[in-house]
Amino acid sequence: MFTGNTKKNRSRVKLQDSLLGYATIFPATFVLIGFFGYPLFYEVYASFTNKTVGEAGNWVGLANYSYLIHDPTFRTASLNTIIYVTCVQSGKFLLGLSVALLLQQQIKGRNIWRALVLVPYALPGFVAYAVWRLIYNPDVGALNIFLMQIGVIDSPIAFLSNPEWAMPSVILATIWKGFPFWTIMFLAALQSVPKELHEAAATDGCNAVQRFRNVSLPGIRPVILIVFMISTITTINSFEAIWLTTGGGPGSATTILPIFAYKSLTAFQIGQSAAAALALVPVLFLLVFFVMKRLNKDK
Amino acid sequence: MQKKSKKAKFGLYLAVVVVLIFVLFPVYYMVSVSFRTQSSMFMNPSFLPVDLVLKNYRAAFESEQFRISLRNSLMIGSVTTTVGLFFSIFAAYSLTILRYRGRDTFGRVIIVAFLTPGALLFIPIAVIAARLKISDTLQGLMLIYLSFVVPLGTYLLIGFFRNLVGELEEAARIDGASRLQALWYILLPLISPGIASVGILTFTACWNEYLYALVLNPSPEFRTLPVAITFLQTADETPISLIMAYSTIAAVPILILFFIGQRFIVEGLQTGAVKG
């Protein structure tokens with residue numbers, strides 16, 4: 001009698017838990033089906049049609065994809081994406097790690113400096129890139145004024161409209177905006193490395209470089225991995241960093257895939273722009289896969 | 001720790017100064033230019049705000065378009081943040097505290113959505129929004145932003161919920177509290193740093209969002225601040241110092257929010273990535 005009662009009770013609690021579970025996950029799921037699942041499905045479908053704005057379009061199979069592969073602008077955009085992402089990520093990593101190591105030292109006012117380094121990360125992207133556009137301006141921009149004053153150049157450089165300078169300039173601005181995120185993450189990870197390990201290594205006669213390689217680096221490796229992957233996903237998709245500085249130009253010198261997709265959309269080619277946006281999916285899929293594997297392992 | 005030589009110490013501080021100049025100069029420059037006039041910028045190339053005029057700020061606040069856009073950005077940010085917090089708290093609670101069939105699948109979908117960048121889906125969402133007749137409305141952007149911020153919020157809050165001792169909730173329930181009472185009275189106060197962190201990051205994400213606002217809400221009445229700034233520039237004219245005044249006004253609330261909540265934000269980001 002007694003045991004029967006608790007059993008009944010337990011299954012009732014279980015049922016209640018399940019119901020509450022579904023009820024509390026429902027709002028999030030609802031939003032995600034409407035604005036994540038369905039659009040994704042629709043985008044894949046549209047990429048196989050010749051849909052344009054206002055017209056339903058017909059099934060064209062892989063025509064959009066084969067058109068893209070033969071489109072020189074698309075090829076340039078793919079190549080640019082690879083260059084841009086590689087440079088930006090290496091820059092953020094190097095700068096983020098160096099600044100983290102610097103701000104880990106015992107210096108006066110360390111907490112204030114740590115807070116101030118966050119400014120680029122806190123600054124809205126649309127503001128940051130408007131400012132960098134001005135900095136690079138050939139007539140009144142700070143960089144040209146500075147370089148001319150110290151005598152490095154004689155005449156101003158149009159950083160954003162010169163085909164050779166445009167890409168490096170955009171890369172520098174993107175690194176500036178993004179590296180503080182890496183610094184915060186590295187600082188946290190470095191703090192979680194036990195001090196005793198460092199001291200032990202020091203008494204064993206390891207110098208600073210050896211201690212970094214053998215003590216700090218292994219300790220922060222998991223964080224490096226996950227920050228690298230999450231940040232790569234967002235960098236591949238930096239639309240505003242480029243749209244607000246060069247607009248993808250000059251020509252298509254700084255056009256990366258999201259810019260290419262946006263331009264196809266403004267040319268009303270929905271099928272083609274869907275295919276262009278989806279061209280990133282294999283890379284994203286790999287990155288997402290590794291992040292999830294990593295996260296599950298940590299659990 | 002060994003004592004550093006004077007030279008090493010000097011090098012260290014020099015490096016800090018260089019980093020800070022690199023980090024802060026663009027922000028200083030923005031504010032400086034916002035106090036100058038367009039014509040004097042061309043005549044006197046200086047980094048100092050030599051003219052010290054307020055006319056750009058006056059022009060901003062006198063512009064109807066600016067006031068509308070500021071209001072739109074504030075509305076979208078605050079409504080999305082409030083609703084998004086409710087949705088994320090419930091979802092994170094559901095995924096960590098409760099047990100039910102399919103829970104792990106829901107959890108995986110949330111993470112995939114969190115990792116999926118907005119630039120991947122703006123094309124179908126533009127088509128769907130047009131079909132639902134929610135493009136060029138504030139509600140449309142709020143709904144779409146919800147779909148970005150709920151995965152972010154849920155992901156970060158899961159980290160905070162997981163750090164709570166599971167027994168705490170059970171203890172409360174033995175005392176006779178229902179599940180929801182335990183959530184409201186026991187769990188929420190404990191994860192309040194997480195809620196602050198998600199709240200600030202959500203509001204910031206909505207305030208900063210550019211691509212969707214540009215694609216979906218180009219009409220003057222529904223423009224948000226970033227889009228309004230883009231439209232300041234015309235084919236024949238780039239009002240540089242006015243753009244910098246708009247930018248400063250747009251940046252100040254976010255910078256203040258960030259520095260008030262810095263502790264929470266950093267904790268939130270680190271709980272998300274470091275502890276996973």
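Q: What does pLDDT mean here, and which helix of chain A has the highest mean value?
A: pLDDT is the predictor's confidence in each residue, from 0 to 100. This is a predicted model, in which local features need pLDDT of at least 70, side-chain atom pairs count only at pLDDT 80 or more, and totals for chains, interfaces and linings use all residues. Helices are DSSP runs (H or I, at least four residues), numbered from the N terminus. Among the elements of chain A, the lowest mean, 76, belongs to helix α14 (residues 281–298) of chain A, and the highest, 94, to helix α6 (residues 125–135) of chain A.

Q: Is Asn144(A) buried or exposed?
A: Asn144(A) sits in helix α7 (residues 142–149) of chain A, with residues numbered from 1 along each chain as its sequence is written. Buried means under 20% relative accessible area, exposed over 50%, partly exposed in between (1.4 Å probe, protein chains only). Because its relative accessible area is 3%, Asn144(A) is buried.

Q: How many residues does chain B bring to its contact with chain A?
A: Contact means heavy atoms within 4.5 Å. Chain A gives 88 residues to this contact, and chain B gives 93.

Q: How much area do chain B and chain A bury between them?
A: Buried area is the accessible area (1.4 Å probe) that two parts lose on being put together, summed over both. Carbon and sulfur atoms hold 81% of it, and the total is about 8200 Å².

Q: Which helix of chain B gives the largest share of the side that touches chain A?
A: That share is 16 residues, and it comes from helix α1 (residues 6–34) of chain B.

How values were computed. Chains are lettered from A and ligands numbered from 1 in the order in which they are written. Side-chain values use heavy atoms; hydrogens and water are left out. Helices (H or I, at least four residues) and strands (E, at least two) are DSSP runs, numbered from the N terminus.
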